[in-house]
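Open the model in your viewer and keep the selection tool at hand. The tour below goes from one stop to the next and says what to select at each.

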Amino acid sequence: MSNNKTVTCSHCMLEINKNQAIEERVNGEECYFCCPGCSSVYSILQEEGFSKFYSKRDDNWEPGAVVRSNVSEELFVDSVLETENSYEVNIALSGIRCAACIWLIETYLSKAHGIESVMVNYATHKAKIRWTKGIITLKEIIDRISSIGYCPLPISESGTATIYEKEKKDYFFRFSIGAFFSMQLMIYTIALYAGYFQGIDEGLRIMFQYAAWLLSTPVMFYSGMPFIKSSIAAIRHGHTTMDTLIFMGSFTAYVYSIFALFMGKEVYFDTTSMIITLILLGRYIESGAKARTSNAVSKLLTYQPVQVRFLSSFDINDYITGSLRSETVPVKQVRAGDYLEVLPGDSIPADGIVIYGNSEVNESMLTGEPLPQVKNEGTKVFAGTGNVNGKIIIQVEHTGATTTLSRIVQAVEDAQAAKAPIQNIADKVVGWFVPAILTVGACTFIGWYYYSGDMLVSTMNAVSVLVIACPCALGLATPLAILIATSKITKLGAVAKAGDIIEILSKADTIIFDKTGTITKGELKVENVAVYDTDKKTLVSYTASLEKHSSHLIGKAIINTYLDDFLAVENFKEHPGKGLSGVIKGSVVLAGTSSYLNENGVETPDNEIREQIKLGYTVACIAIDGKFAGFMTLSDSIRDDAQDMLRQLAKRHVNIVILTGDNELAAAKLVEKLDVPSLTYIADVTPFEKADVVKSFQKNGKVCAMVGDGINDAPALTTADIGIAIGQGTDIAIESSDIVLMRDELKLVSIVYDTSVVTLRVIKQNLFWAFSYNIIMVPLAVTGTIHPVFSAGLMSISSLAVVFNSLRISR
């Protein structure tokens, strides 16, 4: 206990407001818990004799509430391996925080009769469990894991993540081989360059050249194989790419060096190796960024349950009397028109209409809005959303691919398929650069041979053209700048999934922000207390004491602002979608909507309440003994760094737009609070309209970046030229984006934007230098002024100029 107002959860060690804590006596000791899950797990561990777990926890333990899960064994059926006498399954475990968790899971499961072995990998959080047939079931194992606070999950990979991981591993091995052999090669190359100027024994020179040939061969044909294959494929389709440029430069130097070796001339095997190795380094880091930030689209549909409670028909009287009961069936069997029973805590399995009961439904994963929505008879519910506190019967309207959730997935996939990757500046010219250099080299050979008749001189001058035009500087101009830029923003807490993202962002002239969870925190906060027929202290204490017994977000917000002792509440009742009632010190207290108070005979100041609602506030009304006592207004608070970030972007003359589902008055009030020049908003925007808003800006010639955090933002994130996701947001928003802010700090948006602008400027400077170098040096090589040895040296200098210029980005 840190002070008299806060306590530490006895199970997870999370520090919490004492008024919010669950207080229990366990084995004669007073214990506090942050949630019912922690209380349940603590009791189980005490009863089963696993209290030693708490003494085994180390400093790596991360405080946090227990993940309460209700996982169906159907999710793991495809992963079960059957042997003659037993079954085996591999599962992933969420909630592991330190080595003590491994000990608890292994020991607790092993204690169950029928379990043969349990092995949990701390590094990967994966468990391999083997059990005897006929003694214990998979469901019992899953329930046993869930009962101690860990969430079992099926092990699956998205196709995208698998591709990126394989690509990353391939680049890693090829880069490792290239780097290893290039380091060895440079030892001999330095000796050869020194020997050229200072003299070297002929036998030693030949031996070093053969060693250089030997060391560069695996780099050329193993490390460089992606460039070889890509170049061949491009040539087959009648065009060239940057890979063609890299391959031609490295392979030309390699082939020439082989001929030079047998002709007793200087060799340039180091050029071959260094081109390939440096380019592979950039490719490896880029593929790694993609792999780290992928793997959510395939998880999205897991919001829908695997099994449902099915009713063959529905009659209210039969259902109330209990003669009509539900049966559990696979969700795949559900069709439009069927009746389903949804209990509190269940996920809604299909889109439909409520035909019986009322409840509140958490639609935050779909809409991004934090408040549960009231669902009465006749209102629509959507697949994947969570039923909070009431039992409802729904009639199915849409299932499978036609549900709102599935349509969001489809919208994301369509937008991803339609978004063509932008070509970088260097790629726009390689189509003619390579043929032009080859043509110049051929003309040089023919011209010199015609002029001098000397085959050796003609060959040397032609090779000088090819070597001096070697695309090191051109090849590094963009990738190296992108590499440094992505490394910089990664250190700052942002991850770009591909190199061209930095370039596109630098050209963005319009940045669109989702309001809830992006500009605002997505958490309710009490803004004002209006008192009518009582004093403020009484109003707040009565309301907080009543709300303590509710799990509603409004109640949590009110409790968070109240630090005094709670009053005793009798006859507490919760009316879903309406409010609460109870008796405090003999007075009947009502808290909820104005209509709820009206139903109970309380007159409310409706005009004032409506005015507050129009301004975007959530209003909680309170009545004491049949008289209106006052109301509390609550709102979603603005992020602390939102204003500074928006002002930084405004200084750069970026068009800033906020999208919100709020009405005009509420949106205008938000913009007024932010007080940012030229900040605009679009109000009354539904989740499905966000992508359309982005498209409307793009049709007007704008380059758009979209910043969001929720599932409902995913289509807009993929439709935008650049999607930026808050790292604390949903997995689907993160995968749909191009840049992920790993820290929950909006200021990173302006920092990443500034970095992108600087990076594009450096890229243009690099390309200017690279082409200027070729424009000047190629004619000198054509005239025979520059020897191939000096050509290679100048080529290295041109590359170093690009490297040092690119390093300015990291400042």
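Start with Asn-571, which counts as exposed because its relative accessibility is 59%, above the cut-off of 50%. The model is a predicted one. Asn-571 sits in strand 22, residues 570-575. Its phi is near 50°, a positive value in a residue other than glycine. Most residues other than glycine have a negative phi.

Next select Lys-585, in the loop between strand 23 (579-584) and strand 24 (587-592). Lys-585 is not a glycine either, and its phi is positive, at about 55°. Is Lys-585 buried or exposed? With 65% relative accessibility, Lys-585 counts as exposed.

**The whole chain**

Now show the whole protein chain as a cartoon. The secondary structure comes to 30 helices and 31 strands. Of the 811 residues in the protein chain, 49% are buried. Among contacts with a separation of 6 or more, 68% are between residues 24 or more positions apart.

**The cores**

Select Leu-505, Phe-513, Leu-646, Leu-674, Ile-739 and Leu-746. In the largest nonpolar core, which has 55 residues, these six touch the most other members.

Then look at the surroundings of Leu-505. Leaving aside residues up to four places away in sequence, which residues does Leu-505 touch? They are Ala-705, Ile-722, Ile-724, Ile-739, Val-752, Tyr-753 and Ser-756. A second, separate core has 44 residues, including Val-7, Cys-9, Ala-112 and Ile-142.

**A helix with buried residues**

Go to helix 21, residues 553-560, where Ile-554, Gly-555, Ala-557, Ile-558 and Ile-559 are buried. To see what the buried residues of helix 21 pack against, select strand 2 (15-17), strand 21 (520-531), helix 20 (536-547), strand 25 (618-624) and strand 26 (627-638).

**Two helices that meet**

Two packed helices are described by the angle between their axes and the distance between the axes. Select helix 6 (residues 202-223) and helix 7 (residues 225-236). Their axes come within 5 Å and cross at roughly 50°. Helix 6 and helix 7 are therefore oblique to each other. For the contact itself, show Met-220, Phe-221, Tyr-222 and Ser-223 in helix 6, which meet Met-225, Pro-226, Phe-227 and Ile-228 in helix 7. By class, the contact of helix 6 with helix 7 has seven nonpolar residues, one polar residue and no charged residues.

**Strand 18 and its partners**

Move to strand 18, residues 392-398, which runs antiparallel to strand 12 (residues 339-342) and is joined to strand 12 by four bridges. Tyr-339 stands opposite Gln-395 of strand 18. Strand 13, residues 351-356, is also antiparallel to strand 18, and five bridges join them.

Strand 14, residues 359-362, pairs with strand 17 over two bridges in the antiparallel sense. Zoom in on Asn-362, which stands opposite Gly-386 in strand 17.

Note on methods. Residues are numbered from 1 along each chain as its sequence is written. This is a predicted model: local features need pLDDT of at least 70, side-chain atom pairs count only at pLDDT 80 or more; totals for chains, interfaces and linings use all residues. Side-chain values use heavy atoms; hydrogens and water are left out. A nonpolar core is a set of buried Ala, Val, Leu, Ile, Met, Phe, Trp, Tyr and Cys residues joined through side-chain atoms within 4.5 Å. Buried means under 20% relative accessible area, exposed over 50%, partly exposed in between (1.4 Å probe, protein chains only). Contact means heavy atoms within 4.5 Å. Axes are lines fitted to C-alpha atoms, for helices over the stretch in contact, and angles run from 0 to 180 degrees between N-to-C directions. Angles under 35 degrees count as roughly parallel, over 145 as roughly antiparallel, 65 to 115 as roughly perpendicular and the rest as oblique. Ala, Val, Leu, Ile, Met, Phe, Trp, Tyr, Cys and Pro count as nonpolar, Asp, Glu, Lys and Arg as charged, and the others, Gly among them, as polar. Two strands pair if DSSP finds at least two bridges between them.
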